Amino acid sequence: MFKYLALAVTFAFAPISSFAAQFVEGQHYTQISNNMVPSEPKVTEFFSFYCHNCFNMESQYLPEIKKGLDKRVAFDSKHVDFMNSDLGTEVMRSLAVIHELDNKEALKMAMFGAIQGKDNNAGHDHSAAGHEHKSLINSRDDIKKVFAEFGVDAKQYDDVADSAATDKKLSLWRQQQVMYAVQSVPAFIVNDKYAINLNEMRTLDDIIGLINYLALEK
């Protein structure tokens with residue numbers, strides 16, 4: 001995945017309407033629901049702190065993608081539940097806590113690093129033969145140690161992690177993961193209606209242009 005994204009990125013974007021001819025439904029994107037277009041255009045990234053492609057996306061590509069989005073398009077991130085375990089739920093909760101704090105990007109990178117190793121953003125494969133890194137995250141206490149480095153004390157973390165709002169958020173993420181048939185990550189869902197086929201994206205321009213087109217013109 002993303003093998004073509006090393007190509008030069010010009011960011012000399014054509015008008016959004018011109019992308020209608022460039023992108024083909026069923027090839028570059030798929031309609032995954034019949035939802036009404038929301039009043040606020042948006043794109044949602046589904047990812048996992050355990051996914052090395054997600055780490056690469058977060059560290060190398062996502063800042064430029066966000067920079068290229070039309071100002072009207074809101075960005076959100078949600079953690080998938082592929083583990084279906086107590087630890088997996090705790091890691092999901094960590095993202096919900098991050099959403100309520102400052103230093104969001106730094107905290108996300110710290111969680112990626114604690115789970116995958118800080119050198120993973122150089123592109124190594126977490127599942128490759130001979131890979132010996134062990135996750136530092138095996139419990140909520142381990143997660144709280146990561147957050148403590150950013151001034152978040154244990155009580156503050158627990159208050160947010162155990163709140164009814166967080167429980168509701170995790171329930172929604174799980175429902176949408178199933179509803180939108182998210183089977184691999186990272187995944188981008190636009191307006192709760194369209195899934196981008198990242199395997200067909202050749203440059204960052206393609207990703208940004210398609211998100212803007214689907215969010216604002218479809």
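So, which strand does H79 lie in? H79 lies in strand β3, and I'll come back to that residue once we've seen the sheet around it.

Some ground rules before that. This is a predicted model, where local features need pLDDT of at least 70 and side-chain atom pairs count only at pLDDT 80 or more, while totals for chains, interfaces and linings use all residues. Residues are numbered from 1 along each chain as its sequence is written, and side-chain values use heavy atoms, with hydrogens and water left out.

On confidence: pLDDT is the predictor's confidence in each residue, from 0 to 100. The chain averages 87, and 83% of the residues score at least 70. Over residues 1-14, though, the pLDDT is below 50, and this stretch has 30 contacts in the model beyond near neighbours in sequence; contact means heavy atoms within 4.5 Å. Where pLDDT is low, the predicted coordinates should not be read in detail.

Okay, the sheet. When I say helix or strand, I mean DSSP runs numbered from the N terminus: H or I with at least four residues for helices, E with at least two for strands. Five strands make an open sheet, ordered β1-β5-β4-β2-β3, with mixed pairing. At the edges sit β1 (29-31) and β3, each pairing on one side only. Neighbouring strands are turned against each other by 25° on average, ignoring direction. Two strands count as paired if DSSP finds at least two bridges between them.

Let's walk through some of those pairs. β1 and β5 (residues 194-196) are antiparallel over three bridges, and T30 has A195 as its bridge partner in β5. A195 also turns up opposite I189, where β4 and β5 pair antiparallel over two bridges. Those two strands form a hairpin with three residues between them, and N191 in the turn has a positive phi of about 55°. On to β2 and β4: they run antiparallel, joined by four bridges, and F46 stands opposite A187 in β4.

H79 is buried, with a relative accessible area of 3%. Setting aside neighbours within four places in sequence, H79 is in contact with F47, S48, F49, V91, M92, L95 and W173.

Last stop, helix α4 (residues 104-116). Its 13 residues reach 18 Å from first C-alpha to last, close to the 18 Å expected at 1.5 Å a residue; that expected span is 1.5 Å times one less than the number of residues. Its buried residues include L107, M111, F112 and I115. The cover over its buried residues includes β2 (42-47), α2 (52-68), β3 (74-79), α3 (86-99) and α5 (140-148). Just after α4, G117 takes a positive phi of about 100°. And α5 has its own buried residues, among them I143, V146 and F147; the buried residues of α5 pack against α3, α4 and α6 (154-161).

Notes
Buried < 20%, exposed > 50% of the residue type's maximum accessible area, 1.4 Å probe, protein only. Axes fitted to C-alpha atoms, helices over the stretch in contact; angles between N-to-C directions.
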